[in-house]
Structure formats: C-alpha cells, structure tokens
Amino acid sequence: MKIPPVEPGTVGPCPVAPDALQGIKRQQTNPARWNGSGWQDFVAALHTSGVELAAGAAACGVYVTDAGGTAYGMPHGVVIARSAGQISLLLKAAQVHRVPVTVRGGGLTTEGESVAFGGVLLDMTGMSRVLHIDAAALTVRTEGGIYWHSLAEELRRENLDYLSAPLNLTSSVGGTLGVGGIDVNSARLGCSADQALSLQVVTPTGEIVECSDSENPELFRRVILGYGQFGIITEATLRVRPYTPLRMHYYYYSSLRTAIEDLQMLDRNDASDYSGILTIMDCAVNLLVAFDSDEREAAFNADWKSRLRGYGEFGFALHMAGHYALRPWKFREALYLLQRKREVFPEFRRAEYMRDGKMHDRTVVYSRAVWKHWGSRQMVIPDLATSADKFIEAVERGNAVCRKYFAHYTLYCVGIKLRLDHGPHYEMSCVPPDAEGWAYGCEFEPMIEGGVYSRDHFQAFKNAIYDIGVDLGASYYRFGGMMKGYIRRVFGDALVDRHLAMKRRADPAMILNRDVIF
Amino acid sequence: MSAFLARAPAAPRDYAACSGCSLCVLVCPMWRGSHDPRLTPEGLAKGLQSGATIAQLAGAIEACFLCGACDPVCPERIDLSGMIMDLRLRSANSRPPNSPQPSVMVELSARLQMAAGAAPAAGVVSNSVPVLLPGPDLRADAALLARVQALLGLAVFDDDGADIALALELGVEIPQQRLHGFLDSLRGHTIVAADGLLLRQLRRWLPGLQRMGLGPALSTRAAVRSNLVPSDLYVIEPRAFHGDYERMVGYYDRLQRETGCSLSLDLQRIAIPATSSGLPQKLGLAAGDDVQAKWILKGHKPARIVVESLADRAAFARVCHVPVVHLAELGEDPQMMQKFRHAFG
C-alpha cells in the first residue's frame with residue numbers, strides 16, 4: 001500500500017482503514033518533531049516583546065508527556081501564560097516565524113494532544129485567577145487556565161459550585177470547554193462546554209476577542225468543542241449554582257445491558273440529579289444515582305426506585321457468591337472483584353466527606369479514588385459517544401474488545417443532555433451527529449496495574465474500539481493526537497475539509513495546536 | 001487468600017514514580033502564590049525525571065514551605081517532602097567549598113557539631129515519663145509554655161531537637177552522633193512535639209515511639225476542647241497534620257463534628273499553611289507574606305481564630321481584627337488557674 005506524503009498541518013488519508021494492512025497490527029504515530037527552523041529569531045522577537053520564555057530540562061521536563069503517558073515530546077521552550085496580552089504577543093510572533101504553539105491546561109489528554117513535539121508549549125495554568133463571582137446572577141468569570149478544583153475551592157467560599165465538570169480535579173476550565181467535559185450530572189445539566197456563557201479568546205493570529213452566542217457567535221461556536229484549533233480561551237464566564245451535598249444510592253448489576261437500560265430510563269424521566277455507570281470489567285456493574293435535595297430523593301423513592309433491576313450491596317454479594325460457586329474455574333476473577341471491592345469501596349465512604357449520610361465534595365472523592373485506583377503512568381482510555389439507541393450495542397461491543405486485550409478493565413458510562421440551540425457547537429465534535437436529546441459516552445479503561453504493554457498493543461486496542469464507532473456512525477471524545485487518523489473516517493471528507501478551510505483562514509501559518517486535529 | 005486480599009502498605013516511592021497527575025499542585029502553597037508549575041513537587045519530580053540538575057531546580061527546592069500537603073494526596077505514595085528535604089541537603093552539599101554560606105547555616109552547623117561532641121542530656125527526665133519538645137517559639141514565650149505544661153502535665157525535655165528540626169528545614173547535614181544521641185534520649189518516652197517537621201521525622205526514625213503534635217495533645221484536653229465554639233476558625237499546624245495524615249484527618253473531623261468550629265482545611269481535607277516558610281524566609285533573606293492567611297480567611301467570618309502554632313498567631317494578627325488565640329489560651333478552667341497561678345497572670 002502506498003501512503004502518499006502528508007503536508008504538515010493537514011489531515012492526510014487514513015492509514016488505518018479497515019481494508020488496509022489486513023492481519024497486521026495497525027499503528028498510529030506521534031507527529032515528527034518540528035525542525036526548529038527560525039527558532040532563534042522567534043526567541044529574539046519574544047525577548048523584544050517582553051514575553052518570558054523558559055528552556056532547559058527543569059522548565060520543559062514537566063511537559064514531557066500527558067496523562068496518557070504514551071506520547072513523549074519536548075518543546076523547545078515554555079511560556080507560562082500570564083495575560084491575554086502576553087499570549088497575543090506570543091501568537092503574533094509565532095505566526096511571523098511559523099513556530100508551532102501547543103497549549104496545555106491540566107495535561108489530561110491521552111493521545112499526546114497537549115504534548116509539544118518541538119516549538120513552544122504554552123502552559124495556561126499560569127492564568128488561574130477567579131476574576132469575579134456574581135452570587136446573585138449565579139455566574140463566575142474566571143481565567144481559562146484554572147483547574148476546576150481550584151475554581152470549586154473559590155466558589156465554595158461563597159457556598160456555590162460549578163454545574164458540571166470532569167470527575168478529575170486537575171482538568172482545566174479552558175481545556176475542558178474546548179473538548180466537552182462530562183460529569184455524573186451531565187444527563188441533566190449537559191456537558192461542561194455547554195455551561196459557558198461567554199469567552200475571551202486569543203485567536204491564532206493574536207486578536208483578543210470576546211465571544212458568546214450573541215457576540216461573535218461564529219468564533220464562539222468554533223472555540224467551544226473546537227479542540228483548541230480556533231483560539232485560546234483566556235477567560236470564561238460560566239453558570240454556577242448553590243452548593244449542595246449529595247445523597248448517594250448505588251445499585252449493582254451483573255448485566256451491562258440491564259444497567260444501561262435502567263440508566264437511560266432514569267435520564268429520560270429526569271428521575272435523578274446524578275447518574276452514571278462504573279464497572280469492574282463486566283462482572284460488577286455499579287449504577288450510581290444521587291440527589292441534590294431530599295425532595296428529589298423522595299420523588300425517586302416513590303416513583304422510580306422500584307423499577308430499577310439492580311441489587312443492593314448485600315443482595316449483590318449473595319448473587320455473586322452463588323454465581324461463582326457454580327463456576328469455580330472463575331476463582332481468580334472472583335478474587336479480583338473481592339480485592340477491588342476492599343480497596344475501592346472505602347474510598348467512597350471516607351468519614352471526612354460524609355455528613356448526615358450525605359457526601360460532600362464528590363469531585364474530590366471520585367477524583368482521588370480515580371487516581372489512586374485507576375491511574376498510573378500510562379492511561380489508555382478510548383471512548384465511544386453515540387446516540388441513546390446505539391449505546392448498548394456500542395458498550396457491549398467495546399466490552400468484548402476490552403476482554404480480548406486486557407485481563408482487567410473498567411467502563412464508565414454517562415448520559416449527556418444536549419442543548420437544542422447549540423447544534424452548531426457540536427459540529428465535528430464528540431457529540432455524535434445523530435444524537436437527539438441525549439448523547440451517551442462510554443470510556444473503556446484497561447487496568448494497567450504495573451503491567452507492561454507495548455504502544456502497539458495499546459494502539460491496536462484503541463483502533464479496535466474506534467472501529468466500532470466508525471461502524472456505528474458514532475463519535476469520540478479523544479479523536480485528536482494519535483487518533484487523528486480516524487477523523488476523516490468519522491466525520492467525512494466534506495465536513496473535515498470545510499473545517500480545515502476555516503482553520504487555514506483563522507491560522508494562516510497553522511501554528512496553534514498543530515497535529516492535534518489538522 | 002487472606003494474604004492476597006490484605007496487601008501490606010508499600011514503602012514510599014521516589015520521584016521516578018511521578019505520573020504527572022498534578023494533585024500535589026492543587027494543594028501546593030507555592031503554586032497558589034506563583035501559578036508556576038516549576039515551583040511544585042510535580043515540577044521537581046518531572047524535572048528530575050528529565051535530567052535537570054539540582055542547580056537548575058534550586059529555585060523550587062528553596063521556595064518549598066515543607067508543609068507536607070503534597071504527601072498525602074500523592075496517589076503514587078511518593079515521599080515528596082522527603083524528596084525536597086533531600087534535595088536541599090544535596091544542594092547545600094554541592095556548593096563550592098569556598099562559596100559564602102548564610103550565617104544561620106554556619107552557626108547551625110557549629111551548634112550541631114558541638115552537640116554531637118557533648119554528652120547526651122540523659123537523666124534530666126526519668127525514662128518512660130511523657131515529655132514535651134516545645135521548640136524555640138514556645139520556649140521564647142515562658143507564660144504560654146507554662147500554660148501548655150499545666151494543661152498537658154508534661155515535663156519539658158531539655159534537648160528538644162530544635163537544632164535538628166532547623167537542620168532538616170535548611171538542608172544542613174546532621175552529624176550521626178548528634179542524631180543518634182537525640183533519638184536515644186527519646187526512647188521510652190511518650191513525646192508531644194510542637195515542631196511538625198521534627199514530629200514527622202520522628203515518626204520515620206523511631207516508628208514505635210508514642211508521639212503526638214501539640215495541637216491534638218491540647219485539643220484532647222476537656223478544658224481546651226470545651227471552649228471551642230462554632231464561630232471559631234481553628235487553624236491546624238500543617239506539618240504535623242500531613243505527617244500523620246490518615247490518623248489526623250480522622251481526629252480533626254471528629255473535633256469539628258463535636259465542637260462545630262471551622263477548620264483551615266481545603267476541599268481535599270488538606271491543611272492550608274498560614275505562613276510562608278520557604279528557605280529565604282527561614283534564613284531571614286526575605287519577608288513572609290500574608291497571602292496564605294488571607295486565603296484561609298476568604299469567605300470565613302470567624303468571631304475568633306484559634307491557632308496551634310505561634311507563627312500563625314502573628315500572621316493572622318496582621319491580616320484581621322478578630323481575636324487570635326493560641327490553643328493553650330483556651331484552657332482556663334478554674335482548678336488549673338488556681339494551681340498554676342503564675343501562668344495565667
């Protein structure tokens with residue numbers, strides 16, 4: 001098979017088409033390192049502009065990889081973001097000298113999207129201030145590099161909370177708005193990106209522009225869920241809400257299908273404030289249901305609780321004991337489930353986060369548990385985002401792929417309520433084109449557990465998951481970076497070429513987040 | 001099977017295990033002040049992984065408060081503050097022989113050498129008696145020290161290891177003879193220590209030693225605890241708290257439930273340090289700022305601030321107008337006041 005040369009900053013033909021390289025492990029690779037042409041002139045220009053650029057291992061080493069831990073690259077230099085004006089100067093110089101600029105928030109990408117393969121790495125966490133909280137209007141204006149957790153810390157001093165954000169303390173606001181952001185309340189409140197009311201953006205050519213649904217709406221549409229291609233989010237105005245602790249309910253299933261049917265039933269009927277599925281492989285499936293208020297919980301207890309087909313903890317333990325008693329050859333699997341239960345369950349019930357049976361600071365509880373029990377130096381989390389009616393098939397097929405590639409894994413499923421008025425935002429994003437009302441996302445996360453796998457093994461696993469998405473007409477959260485070969489297969493040439501033309505107009509030297517999407 | 005299910009806790013790991021999760025960044029007071037990821041434990045660990053030299057990392061090594069907030073949040077169980085203390089020591093040892101050293105460090109080295117050569121302070125307090133290691137701040141406040149002694153009923157240990165605690169902080173080599181002499185003198189005693197960093201290290205050096213921070217020791221006393229009220233903001237000494245996190249987070253959670261007071265904890269239940277205590281401040285080369293104390297107070301309207309550390313009392317007194325009292329000053333039950341009249345003025 002002849003693979004034609006690809007011009008830098010474009011999406012080339014897909015090298016992983018299902019009819020290509022049959023029987024051979026299909027690979028994706030990191031982009032080539034930028035050759036450094038014109039770097040010294042660029043450094044001189046920044047110096048003249050007063051933009052501080054750090055170099056050397058101590059400065060660049062922090063950014064050598066992302067949360068995925070499979071893509072490694074070093075920038076030539078690092079700029080810590082301090083203001084929109086400073087970023088504007090940086091991007092203007094980068095356009096002139098054609099130096100790639102990779103933007104990083106929390107660095108929680110998994111496909112190398114926030115890893116700089118040469119050029120400048122712009123660390124947005126330097127812009128982490130909360131600028132204004134309007135408790136009456138329930139809005140906050142914040143700098144874009146702030147971690148959601150830092151935002152939560154500030155909001156809690158006013159007894160407020162954000163609406164929805166990734167269950168990870170170290171996601172940044174700007175980064176999340178650029179890709180989506182799902183929470184266990186997204187089935188009710190939508191994804192994080194839909195919470196933004198307005199943004200201050202520095203465009204790839206260095207203009208500082210305010211945008212919203214009413215002001216510069218086209219830029220707003222492209223930046224929200226735009227994977228960092230059309231501008232850098234330096235400030236954001238977000239909706240917030242009064243803080244509430246949660247009353248949690250857990251239901252346990254041994255069938256993925258049944259659990260997903262129950263999840264979707266709850267979502268369709270607005271029966272809970274929070275809902276999501278977290279599994280230990282496909283043997284122990286946990287449906288989490290939670291409430292902000294006693295009234296909502298009482299309504300659930302009266303109308304919906306009896307319709308759920310999951311077990312309580314004790315009932316499920318009995319069920320599993322019977323299941324494995326009849327299948328002694330699955331002894332190791334049973335032991336693994338027991339061990340995970342012993343390790344993980346106490347994390348969700350730590351006394352210092354519980355008051356009167358309610359959980360406080362759920363993001364802290366979940367995020368710390370995620371890093372402690374699921375995190376490692378390598379994290380490979382391919383995902384599928386589908387319409388509601390395709391979701392069960394997507395999860396079941398993805399689960400089969402997980403079983404094939406890894407001994408142990410976790411699935412995390414959640415619904416995402418879509419905004420009717422935000423259709424244009426969703427174009428060429430993680431939101432599948434055929435989703436109406438809700439989209440559903442599932443992350444497939446192998447438990448690495450100190451195991452050693454080759455990058456090829458990881459890549460083959462991701463490809464197998466993504467092939468399901470192509471087959472079903474789904475979308476993905478993580479389609480950039482190492483997975484960008486799938487972009488044309490998922491979205492089609494016409495749409496990709498239209499966005500590429502927009503990108504070329506907005507970013508003539510194609511410097512901003514090069515190789516992430518284009 | 002039980003052995004398989006009950007995994008023994010693993011030993012702390014070193015910087016090579018850092019996965020870059022950034023959880024330590026969220027709790028790092030240096031990051032809060034600078035928003036510069038290089039000045040964080042993650043920045044140091046990643047720098048070391050990438051081959052940075054100690055000289056290249058000097059800024060971060062010196063800036064660290066050694067508050068220990070990063071230790072309990074690290075999912076990889078890296079001994080981050082231990083790593084930074086070790087880097088400080090290596091940084092000091094890698095100075096060219098004739099380069100000028102801060103006078104504090106020179107004097108401390110001489111004190112340590114002298115103490116190493118001296119006979120251990122044995123026999124001052126008989127073995128197995130609980131003792132108090134007050135540290136220099138509490139020693140300097142005779143009235144408060146007397147109150148603490150009265151409340152706890154403890155003898156003050158003459159050799160309270162203040163030189164060792166300072167050496168740990170500044171990165172000064174502790175002569176083995178001095179260290180072993182100090183540790184030998186503590187064996188068999190139950191220890192209450194005011195210096196959180198020393199307490200943290202004692203936990204590692206003498207794992208079987210019965211020990212407690214000054215805050216928990218005082219706040220378990222009914223005379224103190226009963227005077228904590230919901231309108232109080234209780235400021236925890238962070239080093240002792242983080243050095244024994246699993247036990248302490250439970251202890252203070254119960255304290256809060258029982259008294260209703262607010263605690264100086266963030267949403268991760270990590271104690272926010274109230275004072276800047278990087279190397280430049282310790283060496284007297286830079287003044288501390290009040291950023292941390294202001295952050296603790298943000299959104300709170302306490303009627304009174306109760307501190308465990310004397311340094312924190314000064315910091316809050318600078319930034320607010322509500323009464324700031326040391327924990328020991330709460331314990332004013334009539335019987336004790338009668339018995340220790342001199343301490344209560």
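**Exercise 1.** State how many residues of domain 1 of chain B are in contact with domain 3 of chain B, and describe the domain 1 side.

*Solution.* In this predicted model, 16 residues of domain 1 of chain B are in contact with 18 residues of domain 3 of chain B; contact requires C-beta atoms, placed from the backbone, within 7 Å. Helix H2 (23-27), helix H3 (29-34), helix H5 (58-63) and helix H6 (70-73) of chain B each give at least two residues to the domain 1 side. Helices (H or I, at least four residues) and strands (E, at least two) are DSSP runs numbered from the N terminus. That side has eleven nonpolar, two polar and three charged residues. Ala, Val, Leu, Ile, Met, Phe, Trp, Tyr, Cys and Pro count as nonpolar, Asp, Glu, Lys and Arg as charged, and the others, Gly among them, as polar.

Next, the bounds: domain 1 covers 11-93, domain 2 103-212 and domain 3 218-344 of chain B, as set by an automatic or database domain assignment. The centres of domains 1 and 3 of chain B, taken over C-alpha atoms, are 26 Å apart.

Conventions: residues are numbered from 1 along each chain as its sequence is written, and chains are lettered from A and ligands numbered from 1 in the order in which they are written. Local features need pLDDT of at least 70 and side-chain atom pairs count only at pLDDT 80 or more, while totals for chains, interfaces and linings use all residues.

**Exercise 2.** Describe the side of chain A that touches chain B.

*Solution.* Begin with the count: 41 residues of chain A are in contact with 32 of chain B. Helices H2 (57-60), H4 (148-156), H11 (331-344) and H12 (362-373) of chain A each supply at least two residues of this side. H4(A) has the largest share, five residues. By class, the side holds 16 nonpolar, 15 polar and ten charged residues.

**Exercise 3.** Locate Glu352(A) and list its contacts.

*Solution.* Glu352(A) sits in the loop between H11 and strand E13 (354-355) of chain A. Leaving out residues up to four places away in sequence, Glu352(A) touches Val249(B), Asp253(B) and Arg269(B). Glu352(A) is partly exposed because 19 other C-beta atoms lie within 10 Å (buried: 20 or more; exposed: 12 or fewer; partly exposed: in between; C-beta atoms placed from the backbone).

**Exercise 4.** Which residues of H1(A) and H3(A) meet?

*Solution.* Asp41(A), Phe42(A), Ala45(A), Leu46(A) and Ser49(A) in H1(A) meet Leu89(A), Leu90(A), Ala93(A), Val96(A) and His97(A) in H3(A). By class, the residues of this contact are seven nonpolar, two polar and one charged.

Definitions and conventions. Contact = placed C-beta atoms within 7 Å.
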